[in-house]
Amino acid sequence: MYRYDNYDFALVRERVAQFRDQLARWQSGALSDDEFRPLRLQNGLYVQRHAPMLRIAVPYAMLSSAQLRALAHVARTWDRGYGHFTTRHNMQFNWPRIEDCPDILDYLSQFEMHAIQTSGNCIRNVTTDQFAGIAPDELIDPRPLAEILRQWSTFHPEFAFLPRKFKIAISGTREDRALTWFHDVGLHLNLDAQGKPCFRVIVGGGLGRTPIRGEVVRESLPWEHILTYLEAILRVYNLHGRRDNLYKARIKILVQALGIEEFSRQVEAEWAHLKDGPGTLTQAEYDRVQAHFGAPAYRTLPAEDPDFLRHKAEDKAFARWVSRCVHPHRVQGYAAVTLSLKAPGQAPGDITAEQMEAAARLADAFSFGEARSSHEQNLILADVEQGRLHELWLAAKALNLATPSVGLLTDMICCPGGDFCDLANAKSIPIANAIQARFSDLDYLFDLGDLDLNISGCMNACGHHHVGHIGILGVDKNDAEFYQITLGGRQGSDARTGKVIGPSFSAAEVPDAVEKIINVYLAHRHQEETFLDTFDRIGPEPFKNKVYEDRAHGKAKSRNEEVTP
Amino acid sequence: MSTLIKNKRIVADPWQTLSPEESPAAAPLPEGDILFPLSVWQLRRNEIISSHKRIGLWLEPDTDLAPLEADLQYFVVIAINFPKFADGRGYSLARLLRERYHYEGEIRATGDVLHDQLFLMQRVGFDAWALKDGKDAAQALEAFATFKTPYQGAVDEPLPLFRRRTP
């Protein structure tokens with residue numbers, strides 16, 4: 001993975017000094033709360049329901065074992081012994097003291113980590129596919145360009161005060177695993193007719209209050225132009241994006257208002273001035289960065305390891321784990337492994353300091369000292385020998401990191417929700433736990449097969465509820481917490497948002513509603529059909545009829561009935 | 001006379017800003033160094049040119065610069081207003097003035113201008129700052145040294161670090 005040079009270290013250290021000074025000026029009253037807020041947000045520091053929250057960047061998901069240990073040290077020293085992986089690869093600490101944050105960041109800077117632009121109305125952490133570099137369907141490893149984008153976006157002088165946050169995702173595979181159609185900018189790395197790397201540039205996607213699938217603004221952009229082209233997009237957005245209404249300030253609203261043709265025309269006009277300028281990337285820079293992402297020292301291994309096959313045949317629990325948590329690798333004899341952070345009763349994405357250190361040990365022992373965080377809020381070991389999977393499984397099981405549920409109903413994506421977040425309308429973790437408790441039978445879960453259930457505590461959609469096959473959204477109705485259910489959303493190349501099925505439910509009703517939805521699927525499915533296949537074939541009506549069978553169709557119960565079911 | 005940060009020093013500011021209400025179509029124009037709002041400039045352009053040797057222009061952040069291109073030669077100072085410091089349009093305007101329109105006079109930030117924005121503002125072409133009232137200009141001077149070697153090319157250093165990096 002990328003390692004800092006002296007320039008990178010200097011910038012991160014200067015940032016710590018800058019933030020320490022800003023904090024001191026805020027404490028002295030020289031900076032007002034309103035003046036300090038955007039500054040601390042651009043350094044990942046929120047003031048939350050109970051305590052501040054500090055969000056540490058995990059650029060394009062890559063973590064070294066040393067970084068995992070450093071995060072464990074932070075969790076233990078300055079927090080309550082755990083952290084939380086977000087849906088954008090980052091790690092959040094929910095209980096630091098504000099005055100400790102400069103020391104935390106100073107400590108992390110030694111390990112090439114920071115909180116730069118993990119929040120605020122600026123260019124955020126660039127995300128990608130958790131299997132970047134090892135996926136069999138990969139055309140180009142997106143990580144060198146993701147790192148180049150990280151550097152370009154860090155303290156970009158023109159775009160630090162955009163109308164709203166700006167998120168870029170980059171994917172280099174045939175199947176999109178980075179949710180690129182639902183980012184402010186989504187980039188697909190591809191090869192053009194001459195075999196030269198190029199980007200498809202998608203703009204104006206997003207979840208949140210107004211979910212919109214992005215549109216292609218340029219089908220094929222030669223790779224060396226990516227920075228100048230992005231500057232053209234950002235300049236049009238910076239000058240013309242709405243600043244009068246927080247909910248209409250994302251670039252998707254500008255793209256919708258102008259239409260993609262007019263937006264594209266403005267971008268191209270701006271780009272005509274920037275194209276071939278000094279921001280044009282050089283092969284030397286690409287090569288310099290790419291050298292950090294060379295293949296590790298893979299061994300020559302058989303395609304199928306006999307011990308692995310034997311264990312799989314003899315041990316049903318191991319075979320189950322393999323079927324859900326082991327993923328194909330482009331190098332023969334290797335596999336990628338998901339260490340699940342979705343154990344029953346645990347808040348999805350939460351990880352204790354002990355688990356971080358244990359994951360670091362596993363990364364050192366099994367995967368060249370590197371790990372990744374996924375937007376599904378799990379950890380990944382990307383380069384494991386097939387012949388050592390059984391040994392790894394035993395170790396992970398002992399650490400409660402081997403829940404064999406990846407891609408199943410209980411592998412939920414879930415935001416921190418009303419237990420922690422100030423923005424939330426409703427709690428989300430208790431809903432996740434209630435669903436986990438209801439669907440705890442593994443045989444049953446395996447029989448259900450692939451099923452994404454995503455939960456967000458508010459419209460901001462951090463839990464990606466729009467793209468869950470089943471999506472659950474916390475809403476506020478007259479100061480009470482309710483949950484709206486959507487069906488049919490999905491990630492991937494065919495990404496789209498689900499549709500609301502009807503009136504919302506109280507927290508206590510949600511597990512029943514989910515169970516009814518599952519039962520409709522089981523009653524209608526043809527052999528080998530996934531939940532989504534069945535849904536696409538039969539449509540939402542059978543689900544609605546079952547879920548609302550006790551209610552006048554399409555009519556909410558009165559509030560009293562809902563509060564006391 | 002109020003003070004100004006210019007070329008990273010605190011100096012006296014001879015420029016006065018005129019409000020559009022103070023200069024309707026017929027009232028006499030004040031003498032001295034005046035920052036004229038764009039609406040006044042558009043209304044009384046020839047009169048201003050004949051009566052003032054040094055002319056300043058005062059812009060709101062929603063200004064379209066393209067129609068002003070031919071007029072830029074008249075201005076010694078262009079002030080860009082920041083109604084709120086978190087409104088970042090002025091950064092693009094300053095950069096366009098320098099890079100696209102090759103404007104070489106003073107570009108000053110005015111309005112809700114604070115210590116922590118100075119570093120990035122100098123990168124995109126500002127060279128003068130009228131800080132918000134009550135803010136400590138001497139302390140704000142420290143902001144110019146926040147980062148030694150940023151990654152991107154901009155007005156202060158056209159070449160991005162990747163074109164200058166030495167191992």
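Reply: Let's start inside: the largest cavity has a volume of about 90 Å³. A cavity here is a set of points on a 1 Å grid, over the protein atoms alone, where a 1.4 Å probe fits but cannot get out, and its volume is the space filled by probe spheres set on points joined across faces, edges and corners. This is a predicted model, where local features need pLDDT of at least 70 and side-chain atom pairs 80 or more, while totals for chains, interfaces and linings use all residues. Residues count from 1 along each chain as written, chains are lettered from A and ligands numbered from 1 in written order, and side-chain values use heavy atoms, without hydrogens or water.

So who sits around that space? Searching the whole structure turns up two cavities of 30 Å³ or more.

Now for an open space. A pocket is an open set of points with protein on both sides within 12 Å along at least five of seven lines.

Next, the place where the chains meet: 38 residues of chain B are in contact (heavy atoms within 4.5 Å) with 45 residues of chain A. Seven salt bridges run between chain B and chain A; each has a side-chain nitrogen of Lys or Arg within 4 Å of a carboxyl oxygen of Asp or Glu. One of them joins B:Lys132 to A:Glu35, with the closest N and O atoms 3.1 Å apart. On chain B's side, helix 2 (89–99) and helix 3 (118–123) each give two or more residues, helices being DSSP runs (H or I) of at least four residues, numbered from the N terminus. Helix 2 of chain B gives the largest share, seven residues. In all, chain B's side has 17 nonpolar, nine polar and twelve charged residues.

Over all chains, the structure holds 62 salt bridges. Another one pairs A:Arg288 with A:Asp5, their closest N and O atoms 3.9 Å apart. This pair links distant parts of the chain: A:Arg288 is in helix 9 and A:Asp5 lies before helix 1, 283 residues apart.

Terms used: Ala, Val, Leu, Ile, Met, Phe, Trp, Tyr, Cys and Pro count as nonpolar, Asp, Glu, Lys and Arg as charged, and the others, Gly among them, as polar. On a 1 Å grid over the protein atoms alone, a cavity is a set of points where a 1.4 Å probe fits but cannot get out, and a pocket is an open set with protein on both sides within 12 Å along at least five of seven lines; lining residues have an atom within 4 Å of a point.
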